Amino acid sequence: MAASSVPDIVVGRLPLYLRALTQMSAGGKEITSSQELGERLGISSAQIRKDLSQFGEFGKQGTGYNIAYLTEQLRRILKVDRIWDVALVGVGDLGRAIAHYAGFVDRGYRVVAVLDSDPAKIGSQVGSFTVEDAARIVEIVRTRHITVAMLAVPRDVAQEVADRLVEAGVHAILCYAPTSVIVPKGVHVQYIDPVLHMQRMTYYLP
């Protein structure tokens with residue numbers, strides 16, 4: 001099925017299914033059901049079956065899903081059956097934490113460049129990375145064939161940095177800056193703003 005024909009809200013649930021399946025496999029399970037997955041994730045079994053049916057038939061009625069097979073198929077669908085090289089722009093407190101995070105590689109991503117515009121940070125070590133000059137973003141991204149980037153920069157420079165990443169050939173940006181950036185068609189942006197999620201949660205509080 002063409003990617004454009006699948007609702008984005010469905011795509012957004014696939015990583016949740018993949019994570020749950022990976023945890024089940026690590027616990028020694030080999031077979032699961034939409035009911036069990038739903039109980040783990042707080043999603044109805046009918047919704048899970050409907051989501052998966054967008055991409056094919058992965059289980060058998062009465063026997064459930066083979067965890068290893070479904071994991072493999074979800075990795076293929078999400079295109080994390082390969083390793084994507086990633087550029088991280090911004091090494092403030094958040095950027096430094098991201099650079100030290102060890103959980104990317106086994107889930108399909110590898111940070112290969114860490115950049116900042118602060119002269120005091122350029123050339124310094126952040127974990128295993130040497131911070132490079134953000135003025136060279138276009139050159140670095142093109143030379144290393146990077147198509148995925150993470151933005152951990154201040155809000156007032158996020159658009160400028162996003163523009164340069166797009167110019168360099170980046171097609172996917174994970175933006176931690178508390179703002180929205182404008183990108184051309186064909187470039188996908190996801191946002192992570194903890195305050196937005198907290199505001200959503202507190203709506204439900206008494």
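Are R13 and D51 buried or exposed? Both R13 and D51 are buried, and the two residues form a salt bridge in this predicted model. The protein chain has 206 residues, of which buried residues make up 36%. Its secondary structure comes to 8 helices and 11 strands. Taken along the principal axes, the C-alpha atoms fill a box of roughly 60 × 45 × 35 Å.

**Salt bridges**

- The count of salt bridges in the model comes to 7.
- In the salt bridge between R13 and D51, the closest N and O atoms are 2.6 Å apart.
- This R13–D51 pair links distant parts of the chain, with R13 in helix α1 (residues 8–26) and D51 in helix α3 (residues 45–53), 38 residues apart.
- D85 and R110 also meet through their side chains in a salt bridge, at 2.8 Å from N to O.
- The D85–R110 pair likewise links distant parts of the chain: D85 belongs to strand β4 (residues 84–89) and R110 to strand β5 (residues 109–116), 25 residues apart.
- D85 is partly exposed, because its relative accessible area is 21% and the buried class requires a value under 20%.
- R110 is also partly exposed, with a relative accessible area of 39%.
- A salt bridge joins R82 to D81, with 3.6 Å between the closest N and O atoms.
- R82 has a relative accessible area of 40% and is therefore partly exposed, and D81, at 45%, counts as partly exposed as well.
- E132, R136, E139 and R144 are linked in a network of salt bridges.

**Aromatic pairs**

- The model contains 2 aromatic pairs.
- The rings of Y101 and F104 have centres 4.9 Å apart and planes at 90°, so this pair is edge-to-face.
- Y101 counts as partly exposed at 44% relative accessibility.
- F104 has a relative accessibility of 19% and so counts as buried, since the class covers values under 20%.
- Y203 and Y204 form an edge-to-face aromatic pair, with 4.9 Å from centre to centre and 90° between the planes.
- Y203 and Y204 are both exposed.

**Helix α7**

- Helix α7 spans residues 155–168 and has 14 residues.
- From its first C-alpha to its last, α7 reaches 21 Å, which is close to the 20 Å expected at 1.5 Å a residue.
- The residues A158, V161, A162, L165 and A168 of α7 are buried.
- Viewed down the axis of α7, the buried residues fall within an arc of 120°, and therefore they line one face of the helix.
- D156 and E167 are exposed on the other side of α7.

**Nonpolar surface patch**

- V195, M198 and M201 form a nonpolar patch on the surface, and together they have about 290 Å² of accessible area.
- Within this group, M198 is placed in helix α8 (residues 194–202).
- M198 is partly exposed, because its relative accessible area is 46%, whereas the exposed class requires over 50%.

**Separation in sequence and in space**

- G95 is found in helix α5 (residues 93–100).
- With a relative accessibility of 1%, G95 counts as buried.
- G95 and L151 are 56 residues apart in sequence, and their C-alpha atoms are 8.3 Å apart in space.
- V105 lies in the loop between α5 and β5.
- V105 is partly exposed, with a relative accessible area of 49%, because a residue counts as exposed over 50%.
- V105 and P154 are 49 residues apart along the chain, and 26 Å separates their C-alpha atoms.

Definitions and conventions. Residues numbered from 1 in each chain as written. Predicted model: local features only at pLDDT ≥ 70, side-chain atom pairs only at ≥ 80, totals over all residues. Heavy atoms only, no water. Patch = residues over 30% accessible without salt bridge, like charges linked within 9 Å, V, L, I, M, F, W, Y side chains within 5 Å. Areas by Shrake-Rupley, 256 points an atom, 1.4 Å probe, with all protein chains shown as cover. Salt bridge = Lys/Arg side-chain N within 4 Å of Asp/Glu carboxyl O. Helix = DSSP H or I, 4+ residues; strand = E, 2+ residues; numbered from the N terminus. Buried < 20%, exposed > 50% of the residue type's maximum accessible area, 1.4 Å probe, protein only. Phe/Tyr/Trp six-rings, centres within 6.5 Å; stacked < 30°, edge-to-face > 60°. Expected span 1.5 Å × (residues − 1). Arc of directions from axis to C-beta.
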